[in-house]
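My notes follow in the order I looked things up.

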There are 2 protein chains.
Amino acid sequence: MRYVVIMAGGSGTRLWPLSRKGTPKQLLKLISGQSLLQLAYERASRVVPPERIVVVTGEAYLDAVARELPALPAENLLGEPEGRDSLNACAWPAAVLLRRDPDAVIAQLTADHVIEPVDAFAGALDQAFTIAESSPDVLVTLGVVPTSAHTGYGYLQRGEPLADHPGACAVANFKEKPPLATAAMYVTSGDYWWNAGMFVWRASTFLEQLRLLEPTTYADIMTLADHPGRLAEIFPTLTKISVDYAILEPVAHGKASARVVAVPLGVDWRDVGGFASLGELLPSDSDDNASNALIQTLDATNNIVLDHSGSGQLIALLGVSDLVIVQTPDAILVATKDQAEKVKALVAKIAESAPDYA
Amino acid sequence: MRYVVIMAGGSGTRLWPLSRKGTPKQLLKLISGQSLLQLAYERASRVVPPERIVVVTGEAYLDAVARELPALPAENLLGEPEGRDSLNACAWPAAVLLRRDPDAVIAQLTADHVIEPVDAFAGALDQAFTIAESSPDVLVTLGVVPTSAHTGYGYLQRGEPLADHPGACAVANFKEKPPLATAAMYVTSGDYWWNAGMFVWRASTFLEQLRLLEPTTYADIMTLADHPGRLAEIFPTLTKISVDYAILEPVAHGKASARVVAVPLGVDWRDVGGFASLGELLPSDSDDNASNALIQTLDATNNIVLDHSGSGQLIALLGVSDLVIVQTPDAILVATKDQAEKVKALVAKIAESAPDYA
């Protein structure tokens with residue numbers, strides 16, 4: 001049977017003051033009053049019923065996630081005592097679902113992106129499921145057909161096409177986030193897709209690769225699946241490593257028993273990791289000021305204004321350009337777009353001197 | 001007897017969103033929790049008792065002023081039905097006080113500036129009162145010894161020194177706000193003082209000059225003093241003109257019966273007409289960020305942050321320079337210092353589309 005696992009961990013300090021210790025990015029109502037998690041859940045609901053959707057999140061966010069997704073069965077909500085990177089966010093639910101259903105086929109999805117159109121996404125997932133169901137020795141990765149020479153994503157180098165699955169192909173190589181010139185070469189060549197960090201695999205196939213490549217983690221994860229009460233003891237001891245490094249790359253290079261194939265995702269796939277990408281999702285005025293707030297401007301261009309304070313304040317911009325202005329009930333950020341990515345360093349500073357606001 | 005008249009009219013749109021239709025600049029708690037009006041009243045209290053202090057303000061602000069200055073007798077609070085410029089803000093209280101005390105000598109003071117030290121100010125006022133009391137034919141104007149080639153003030157050209165009053169002199173000319181080069185020449189010459197727009201005169205002498213130069217206004221003002229009930233009828237018909245143009249300049253040029261003398265004011269005299277001057281009154285951090293708020297900064301320099309919202313929000317600045325950020329309970333302004341003087345045009349725009357916030 002088909003399952004969807006949604007990964008919704010991470011703290012998202014890049015969106016401070018929207019994202020906070022208690023409210024990670026995926027739970028923020030960023031898009032027309034919906035959170036990224038709700039949007040990811042809706043996408044999952046297109047392909048499987050709620051009882052076959054699992055959410056992996058931080059233990060601290062379990063209550064918040066349960067409130068956001070009331071249809072999700074309690075046993076499908078997995079709370080990590082601490083973040084142990086994506087390998088364990090893949091392995092733990094795979095082991096749990098394998099125990100429930102030896103034939104479980106899992107789509108392992110992120111909740112970090114806005115993906116449109118949803119139909120195209122569901123179509124690509126269906127193709128990936130079909131491939132994983134028909135071939136017991138494949139791990140399927142989803143590759144986004146690139147629309148720009150983005151330097152913030154990893155890339156997949158396409159290998160041989162798959163005979164029975166139009167568009168799908170083997171993965172020849174995984175490439176780290178490239179410099180701009182390299183990214184441009186990747187995109188113009190047509191041989192590379194963005195590595196979406198989303199996968200479809202049989203639980204059994206994935207776990208067999210884990211057993212071959214990371215036997216200790218495999219043993220721990222299977223023990224955890226059989227003894228959920230030992231979560232707090234076992235989970236923090238797991239090796240912190242990404243699933244790409246631990247599984248996908250070695251498998252693609254023939255170091256285990258399966259192979260990696262890629263299915264193309266022809267969608268608009270937008271990271272909302274930072275304010276700039278968030279701004280692209282908001283309505284803009286004729287001077288390219290993107291805002292969800294009540295704004296008034298004079299000689300102000302290309303700003304992003306995000307008001308999540310509920311204050312109903314008018315935000316007036318005069319003569320300013322290329323700023324990011326974000327308001328929450330207890331904090332206001334005024335930053336240049338150029339420097340906005342340094343917000344992490346600012347939050348670290350705030351955590352020291354005014355920890356209540358971090 | 002000596003009296004002080006404090007002029008506290010004007011709307012102060014240059015400080016929006018701090019100053020609003022209902023809260024003009026003089027009533028804002030800008031300086032350590034005190035309003036400019038309270039500071040002006042405290043200065044006046046150094047030289048005369050409350051029953052000899054008169055405040056002229058807009059009719060709409062009468063209640064607010066009465067709350068701010070509970071010791072002020074009700075009959076000393078004059079509310080203009082509409083602003084008719086400084087001539088009438090001088091002439092009306094002069095006529096009212098003349099009827100109460102034919103020997104009234106009035107210090108006509110503004111509430112637009114921060115003046116320090118207060119002792120030096122009181123000393124200069126005393127000298128000006130002494131001159132006006134001893135010479136029935138003078139109007140005394142207060143001249144601030146300039147500390148910079150300010151282009152936002154008018155200047156007084158000094159004439160002959162007064163024999164019995166060290167430092168005081170005749171006024172040879174009034175000069176409009178000059179271009180920078182001219183202002184620099186004025187300051188280096190030592191022959192010019194800033195025109196403070198503050199005066200000391202006998203009510204009788206001032207009103208006699210008014211009678212000679214503006215006989216219609218004189219007649220109207222005296223009628224108003226004798227028939228306070230006709231305020232709403234008479235006041236709006238008065239000629240709208242500054243006291244400098246109508247009285248001081250013509251008198252200095254020998255066109256009436258008195259003469260103009262100037263007394264030097266050796267004080268730190270700061271206009272708080274705009275945000276830049278307001279910023280100078282606030283504590284600054286080592287990066288020249290001036291603020292009355294809880295701020296945190298990273299790579300942010302030379303900004304002014306004014307929080308009058310009472311929200312207790314943290315205001316974080318990241319990578320921004322030379323901005324003015326102002327918050328009130330219902331509005332936020334983010335402006336460049338360069339453009340901040342255009343706030344009047346912004347407020348006009350807001351008045352059209354979102355009048356509640358203007």
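I count a contact when heavy atoms lie within 4.5 Å. The model is a predicted one, so I read every value below as computed from it.

**Entry 1: one threonine**

I started with T57(A). It sits in strand β4 of chain A, residues 53-58. Is T57(A) buried or exposed? I call a residue buried under 20% relative accessible area. T57(A) has 1%, so it is buried. I then listed its contacts, leaving aside neighbours within four places in sequence. T57(A) touches A8(A), G9(A), L62(A), V65(A), L77(A), L78(A), G79(A) and E80(A).

**Entry 2: two helix pairs**

Next I took α6 (residues 203-213) and α9 (residues 243-252), both of chain A. Their axes are 10 Å apart, and the packing angle is about 95°. Because 65 to 115 degrees counts as roughly perpendicular, α6(A) is roughly perpendicular to α9(A). I looked up the residues that meet. From α6(A) come F206(A), Q209(A), L210(A) and L213(A). From α9(A) come V243(A), A246(A), I247(A), P250(A) and V251(A). I sorted this contact by class: 8 residues are nonpolar, 1 is polar and none is charged.

In chain B I checked α6 (residues 203-213) against α7 (residues 215-226). Here the axes come within 5 Å and cross at roughly 130°. These two helices, α6(B) and α7(B), are therefore oblique to each other. On the α6(B) side I found L207(B), L210(B), R211(B), L212(B) and L213(B). They meet P215(B), T217(B), Y218(B) and M222(B) of α7(B). The classes are 7 nonpolar, 1 polar and 1 charged.

**Entry 3: how the chains relate**

I laid chain A on chain B.

I traced an open sheet of 6 strands, with mixed pairing. Its order is β14(A)-β16(A)-β18(A)-β19(A)-β17(B)-β15(B). Which strands stand at the edges? They are β14 (290-291) of chain A and β15 (294-298) of chain B. Each has a single partner strand, so one side of each lacks a neighbour in the sheet.

I295(B) is opposite I315(B), and L294(B) is opposite L314(B). Helix α11 (residues 343-353) of chain A packs on this sheet. It touches β19 (331-336) of chain A along with β15 and β17 of chain B, and its direction makes about 135° with that of β15(B). β15(B) is mostly covered, with 4 of its 5 residues buried.

I traced another open sheet of 6 strands, also mixed: β15(A)-β17(A)-β19(B)-β18(B)-β16(B)-β14(B). Its edge strands are β15 (294-298) of chain A and β14 (290-291) of chain B. The chains join here through β17 (residues 314-318) of chain A and β19 (residues 331-336) of chain B, parallel over 5 bridges. In that pair, I315(A) is opposite I332(B). Helix α11 of chain B lies across β15 and β17 of chain A together with β19 of chain B, at about 135° to β15(A).

Conventions
Residues are numbered from 1 along each chain as its sequence is written. Chains are lettered from A and ligands numbered from 1 in the order in which they are written. This is a predicted model: local features need pLDDT of at least 70, side-chain atom pairs count only at pLDDT 80 or more; totals for chains, interfaces and linings use all residues. Side-chain values use heavy atoms; hydrogens and water are left out. Axes are lines fitted to C-alpha atoms, for helices over the stretch in contact, and angles run from 0 to 180 degrees between N-to-C directions. Angles under 35 degrees count as roughly parallel, over 145 as roughly antiparallel, 65 to 115 as roughly perpendicular and the rest as oblique. Ala, Val, Leu, Ile, Met, Phe, Trp, Tyr, Cys and Pro count as nonpolar, Asp, Glu, Lys and Arg as charged, and the others, Gly among them, as polar. Buried means under 20% relative accessible area, exposed over 50%, partly exposed in between (1.4 Å probe, protein chains only). Two strands pair if DSSP finds at least two bridges between them.
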